[in-house]
Amino acid sequence: MNMKKGKQGTPFKDLIYKVLIFIGAVALIVYFLPRDGKFNYQFDMNRPWRYGQLIATFDFPIYKEKQVIKTEQDSVLTNHFHPYFQKNKDISINAIEKFKEDYHSHLKDRLPSSLYHAYIQKTLQNIYDVGIIPTEDMKYLLKDSVKTIMISEDKLATGKETSKLYTVRTAYEALIKGDSVHFKSEKLKACDLNNYITPNLNFEQERTETAKEELLSGLSLTRGAVLSGQKIIDRGEIVDQKTYNILESLKIESTKRSESVSQKHQILIGQVIFVAIMMLTFMLYIELFRKDFYERKRSLTLLFLIVIFYCIMTALIEDNFLSVYTIPYAMLPIIISVFLDSRTAIVAHTTTILICSIVVSHPHEFILLQFVAGMVAIFSLRELSQRSQLIKSAFVITISYAMVFLALELISESDLSKINIGMYTYFAINGILLLFTYPLLFLLEKTFGFTSNVTLVELSNINNSLLRKMSEVAPGTFQHSMQMANLATEAAMHIGANSQLVRTGALYHDIGKSENPAFFTENQSGGINPHDRLTYEQSAEIVINHVYDGIKLADKNNIPNAVKDFITTHHGKGKTKYFYISWMNEHPGEKPDDAKFTYPGPNPFTKETAILMMADSVEAASRSLPEYTEETISHLVEKIIDTQVEEGYFKECPITFQDIATIKAVFKEKLKIIYHTRISYPELKK
């Protein structure tokens with residue numbers, strides 16, 4: 001079994017991967033960014049202009065206010081707009097013919113004389129000549145105060161006053177009551193004259209709309225123009241009605257210009273350059289200051305995927321007119337600080353919000369709110385180990401959003417009644433979505449192979465099956481691991497290492513001893529030592545095998561790689577010195593087979609694994625001291641750690657001499673407390 005940490009690949013393959021992930025990130029982000037131009041100025045009527053001097057860079061017209069345009073349009077439509085109706089001659093001809101037929105068949109007997117027949121026919125003809133309009137159409141005409149309509153007949157259109165038109169009801173009344181002196185209405189009603197009254201004016205939708213558009217197109221939507229190079233407004237000047245109209249006109253024209261193909265290409269090029277610069281800067285930070293993340297593909301991939309995800313989400317939500325403030329941006333620094341570190345979290349968060357700011361409507365406000373929320377997230381959740389911490393952090397982040405936005409509102413808004421209450425609802429939704437960080441951490445942990453503090457805390461529970469088994473079958477080893485965990489954790493806290501990782505690693509570093517506990521002195525009792533019946537090579541092999549056995553148990557119980565590293569490195573590539581020296585003493589002048597007495601390694605490669613190696617050796621050796629004084633403890637600690645340094649165990653890990661000096665001081669202090677002799681209590685004299 002190879003215990004060495006595998007390399008990440010050849011430099012060329014790593015370079016290709018980094019180039020591809022960079023190009024892929026820029027391409028994905030830019031693909032989802034909107035291409036429409038943004039007018040990046042915020043202004044309000046009767047408020048000071050907050051930006052520098054604004055000069056027109058192109059000629060543009062000054063558009064009238066919407067209310068003015070609407071008033072003019074309403075006036076034109078009221079006074080000059082005439083809807084078009086088509087007169088259908090066939091309807092009048094058919095109606096009169098039908099009346100004639102009915103008169104000769106059965107109506108003749110109901111009427112006193114033929115004069116009635118002549119009157120009805122003539123009146124019907126006059127009514128149809130004027131025009132019968134559908135009742136619903138008449139209602140709309142009256143509602144819109146249309147005084148005149150255009151009636152098309154034989155390709156000619158003539159105006160007709162609306163008040164003179166007939167509906168089915170008024171046409172019937174005109175027949176019945178048109179000449180009440182000479183013709184009795186009772187006789188006329190008996191003829192069911194409504195059967196001969198049908199609307200003959202049909203509304204011409206298309207022609208009417210065309211006429212309406214032609215009429216409105218004649219109205220001017222502008223009043224004057226601004227020339228290129230002309231000053232519009234300067235910092236501190238009040239935005240009056242005239243300036244407000246000019247700024248609104250500039251906003252409209254800027255948006256129109258951005259819709260052209262050439263302008264879209266220009267925006268695309270700008271977006272590519274901007275996103276590429278931001279992502280390149282982010283990569284340079286990782287390479288210069290977090291080389292370990294830069295060289296690990298999973299770390300680099302996680303960082304880029306999170307940045308890409310938030311940029312795409314911002315583009316999609318902003319483009320669909322939803323609020324970007326419902327997106328839990330603070331989740332980004334929380335995830336990165338949990339799996340990587342807080343400095344990288346700040347840089348990644350800043351990079352993300354700067355890219356997203358070119359999408360949102362109010363970038364200045366957006367950057368301020370998200371930057372503060374990100375900083376609060378990092379400060380409030382430095383080490384996530386309990387669900388309650390995340391709930392508290394989400395609450396604090398929501399409050400920070402609300403407070404910063406309120407401050408901005410108070411600065412820019414004089415009328416408190418105009419404060420945007422809806423924004424606080426978005427902040428509340430944001431806080432609720434932040435709670436989903438906990439399950440998301442679990443998914444990312446399993447996907448990318450990271451180990452969070454939450455997992456480490458769960459593994460540190462001594463009721464865990466592996467630890468419980470070790471406490472039962474190898475109680476001496478368990479006590480050694482517990483004692484070592486306290487030593488290593490304290491040292492890690494003093495040099496800024498991951499104390500929870502060290503503690504968990506200390507508890508599991510010797511789990512392999514639970515396979516053959518009797519072969520380790522801390523578990524032996526009654527003076528029986530099974531090594532007495534074995535050769536030195538056999539004894540060394542059994543002792544060395546506790547590393548291999550530990551890895552097998554860890555793999556079987558799904559222990560994370562970060563914890564397994566402590567199993568493989570706590571002896572490094574050192575030797576089983578007791579058996580090695582004993583063999584040499586019995587075989588003077590002979591050369592031993594070093595491989596049989598050497599642990600597989602590797603040597604420690606992180607601060608945490610280095611601390612554990614020191615703590616393991618110091619704690620084990622301290623049990624053999626003949627007396628526990630400040631001098632003996634100090635001499636032991638100095639001797640063991642200096643020997644490890646001299647033998648080169650820490651050449652591959654980023655630990656400094658200052659860190660080692662601090663660790664020594666912590667070990668000395670802790671061991672003095674552990675082995676401090678208690679005072680003897682006096683017995684009561686009788």
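These questions and answers cover parts of a predicted model.

User: Which residues make the nonpolar surface patch of about 440 Å²?

Analyst: Patch members need over 30% relative accessible area. Ile429 has 35% relative accessibility. The patch is made by Tyr426, Ile429, Ile432, Leu433 and Phe436.

User: Is Ile429 buried, partly exposed or exposed?

Analyst: Ile429 sits in helix H17, residues 422-434. Buried means under 20% relative accessible area, and exposed means over 50%. Ile429 is at 35%, so the class is partly exposed.

User: In which sense, parallel or antiparallel, do strands E3 and E4 pair?

Analyst: E3 spans residues 84-87 and E4 spans residues 148-153. Tyr84 stands opposite Met150 in E4. Three bridges link the two strands, and the sense is parallel.

User: Is Lys664 buried or exposed?

Analyst: Lys664 lies in helix H29, residues 657-674. The cut-off for buried is under 20% relative accessible area. Lys664 has 10% relative accessibility, so the class is buried.

User: Which residues is Lys664 in contact with, leaving aside its neighbours within four places in sequence?

Analyst: Contact means heavy atoms within 4.5 Å. Neighbours within four places in sequence are left aside here. The contacts of Lys664 are then Val637, Glu638, Ile641 and Asp642.

Notes: Residues numbered from 1 in each chain as written. Predicted model: local features only at pLDDT ≥ 70, side-chain atom pairs only at ≥ 80, totals over all residues. Heavy atoms only, no water. Patch = residues over 30% accessible without salt bridge, like charges linked within 9 Å, V, L, I, M, F, W, Y side chains within 5 Å. Areas by Shrake-Rupley, 256 points an atom, 1.4 Å probe, with all protein chains shown as cover. Salt bridge = Lys/Arg side-chain N within 4 Å of Asp/Glu carboxyl O. Helix = DSSP H or I, 4+ residues; strand = E, 2+ residues; numbered from the N terminus. Buried < 20%, exposed > 50% of the residue type's maximum accessible area, 1.4 Å probe, protein only. Pairing = 2+ DSSP bridges.
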